[in-house]
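Welcome, and thanks for opening the viewer. Let's take a short walk through this model, one selection after another.

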Amino acid sequence: MMNGGDIVDNKYDVAGGVEDMYGEDSATLDQPVTPWAVSVASGYSLMRDPRHNKGLAFTEKERDAYYLRGLLPPVVLSQELQGKKLMHNLRQYKVPLQRYMAMMDLQERNERLFYKLLIDNVEELLPIVYTPTVGEACQNYGSIFRRPQGLYISLKEKGKILEVLKNWPERSVQVIVVTDGERILGLGDLGCQGMGIPVGKLSLYTALGGVRPSACLPITIDVGTNNEKLLNDEFYIGLRQKRATGQEYAELLHEFMSAVKQNYGEKVLIQFEDFANHNAFELLARYSSTHLVFNDDIQGTASVVLAGLLAAQRLLGGTLADHRFLFLGAGEAGTGIAELIALEMSKQTGSPIEEKRKNIWLVDSKGLIVDSRKESLQHFKKPWAHEREPVKELVDAVKAIKPTVLIGTSGVGKQFTKEVVEAMASFNEKPLIMALSNPTSQAECTAEEAYTWSEGRAIFASGSPFEPVEYNGKVFVPGQANNAYIFPGFGLGVIISGAIRVHDDMLLAASEALASQVTEEHYAKGLIYPPFSNIRKISANIAAKVAAKAYELGE
């Protein structure tokens with residue numbers, strides 16, 4: 001115990017996630033700051049410390065105080081001017097992967113400038129540090145690897161994971177994003193090279209949600225890969241073996257989860273990222289009652305899609321329960337979204353969730369999920385098996401179900417064909433089409449296709465960004481159902497509330513908070529999400545609503 005209102009010794013413990021070791025919580029929207037420490041290195045070593053290096057922005061007084069005289073050219077350049085120069089240089093690169101590498105280089109030498117650039121140019125740089133470019137970066141991670149970021153925990157560390165966690169220099173970790181690299185975006189098994197995803201996600205926790213970089217820990221759990229191309233790649237950075245499964249896998253993950261709780265306490269948020277379906281559902285079910293866990297692919301995607309649907313009701317009229325939903329894809333994203341939609345409809349109408357699930361239909365690789373297939377279905381698909389004749393093709397399912405909303409989470413591109421979109425437009429005045437698969441190459445259709453094939457009547461949103469489309473003299477701005485709308489604000493709300501468990505009502509609160517920030521001006525452009533230029537205010541609003549719900553629930 002400490003005096004003066006401090007509840008714990010904050011050097012070693014996490015108390016409700018509100019500790020401010022570096023004074024960063026004095027940041028404002030106008031003056032975002034990244035870590036300042038009370039005592040830091042000086043001289044040459046200070047300039048090699050990315051957390052405290054300011055480059056040419058060190059003032060004359062700082063150059064004297066920190067023994068930097070002669071180690072820098074005489075000019076003093078403001079952070080704004082440095083940012084202007086770097087953005088000019090970035091725009092010279094024509095290949096997105098080159099821009100990604102330049103941003104990662106900046107993060108490794110001048111962290112505060114990296115975050116300032118990302119905050120000030122979020123709409124331009126988000127597709128670089130996050131989807132779609134991060135997918136290409138993961139595919140080439142071994143070739144572009146320069147300096148390790150985060151922790152790598154492999155089968156070699158079995159029995160020693162707690163020791164590995166203690167090797168990380170930061171003791172006050174509040175958010176961990178962890179992947180095993182088996183299902184990276186729509187790109188499949190990338191093994192150890194999936195580290196680009198946790199690194200990218202946590203950059204957004206800071207830039208969009210205001211969580212301190214020092215409180216963020218990216219982790220990749222390497223249990224091997226079944227990707228033959230990577231196993232034969234001389235530059236591959238992971239274990240050269242087939243994936244461990246079954247008991248061996250479960251034991252490693254259990255040791256990891258136990259070690260995290262032992263080392264960082266029960267208020268550290270563990271975000272599962274890009275695990276394969278079978279493991280994603282199992283891990284969430286197993287640890288949601290004992291740890292503060294969140295699966296962005298299941299819960300984050302569901303929350304952001306639900307927000308778009310809630311916002312779209314102003315354009316479509318009626319309530320959520322008035323609609324019929326058809327999904328292409330019945331994996332973790334598809335079933336996660338479907339369940340949250342059913343939960344919201346149940347909440348709005350007071351009807352049992354089982355009844356509301358009947359408004360929602362899913363198509364997987366074998367066709368429409370119907371009751372006659374129930375025996376052969378995976379457990380997470382069974383709630384969506386309704387009474388109807390089997391249908392194999394998506395277009396036939398569209399014609400049979402006559403959905404008002406079509407949602408793609410298949411991870412397979414070009415599935416919303418002209419025939420499918422025209423069918424949607426034939427019985428809906430304003431068909432709502434969401435092509436959510438990432439990266440852009442895997443999108444079920446493009447924005448231009450959706451608008452053209454529906455004769456400009458579709459309300460369209462996608463997972464990866466698309467440029468505005470002009471059709472018949474009108475400019476349509478496609479919405480992006482990007483998880484980055486939700487998880488930074490959601491995570492911040494969980495942290496500041498001191499919650500120890502994630503509850504579905506907190507996800508609903510995040511969806512409602514996001515939907516409420518779509519204005520008439522946005523609707524006039526056909527948008528069902530607010531622009532990313534306001535993302536820090538959006539995240540703050542979501543965090544406040546999530547924290548309030550956590551207090552209300554007593555979580």
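Which residues in the largest nonpolar core touch the most other members? Select I341, I360, M434, F490 and Y529: these five hold that place among the 110 residues of the core. Keep in mind as you look around that this is a predicted model.

Next, colour helix 14, residues 296-316. With 9 residues, helix 14 gives the most to this core.

Now centre on I341 and show what surrounds it. Leaving aside neighbours within four places in sequence, I341 is in contact with L306, L309, L320, F325, F327, I360 and I407. One of these partners, I360, is also on the list of residues that touch the most other core members.

For a second stop, select A244, L253, L283 and V293. They are among the 36 residues of another core, which lies apart from the largest one. In soluble globular proteins, nonpolar side chains tend to be buried together.

The model has 1 cavity of 30 Å³ or more, and the space in the largest cavity is about 160 Å³. To see its lining, select Y100, M101, M104, D105, E108, Y141, I144, F145, R146, R147 and Q149. Helix 4 (96-109) and helix 8 (141-144) each give two or more residues to this lining, and helix 4 has the largest share, with 5 residues. By class, the lining has 6 nonpolar, 1 polar and 4 charged residues.

Finally, colour by pLDDT. The mean is 91, and 93% of residues reach 70 or more. Residues 1-24 stay under 50, with 41 contacts beyond four places in sequence. Residues 33-38 are also below 50, and have 21 contacts beyond near neighbours in sequence.

Note on methods
Residues are numbered from 1 along each chain as its sequence is written. This is a predicted model: local features need pLDDT of at least 70, side-chain atom pairs count only at pLDDT 80 or more; totals for chains, interfaces and linings use all residues. Side-chain values use heavy atoms; hydrogens and water are left out. On a 1 Å grid over the protein atoms alone, a cavity is a set of points where a 1.4 Å probe fits but cannot get out, and a pocket is an open set with protein on both sides within 12 Å along at least five of seven lines; lining residues have an atom within 4 Å of a point. Grid points are joined across faces, edges and corners, and a volume is the space filled by probe spheres set on the points. Helices (H or I, at least four residues) and strands (E, at least two) are DSSP runs, numbered from the N terminus. Ala, Val, Leu, Ile, Met, Phe, Trp, Tyr, Cys and Pro count as nonpolar, Asp, Glu, Lys and Arg as charged, and the others, Gly among them, as polar. pLDDT is the predictor's confidence in each residue, from 0 to 100. Contact means heavy atoms within 4.5 Å. A nonpolar core is a set of buried Ala, Val, Leu, Ile, Met, Phe, Trp, Tyr and Cys residues joined through side-chain atoms within 4.5 Å. Buried means under 20% relative accessible area, exposed over 50%, partly exposed in between (1.4 Å probe, protein chains only).
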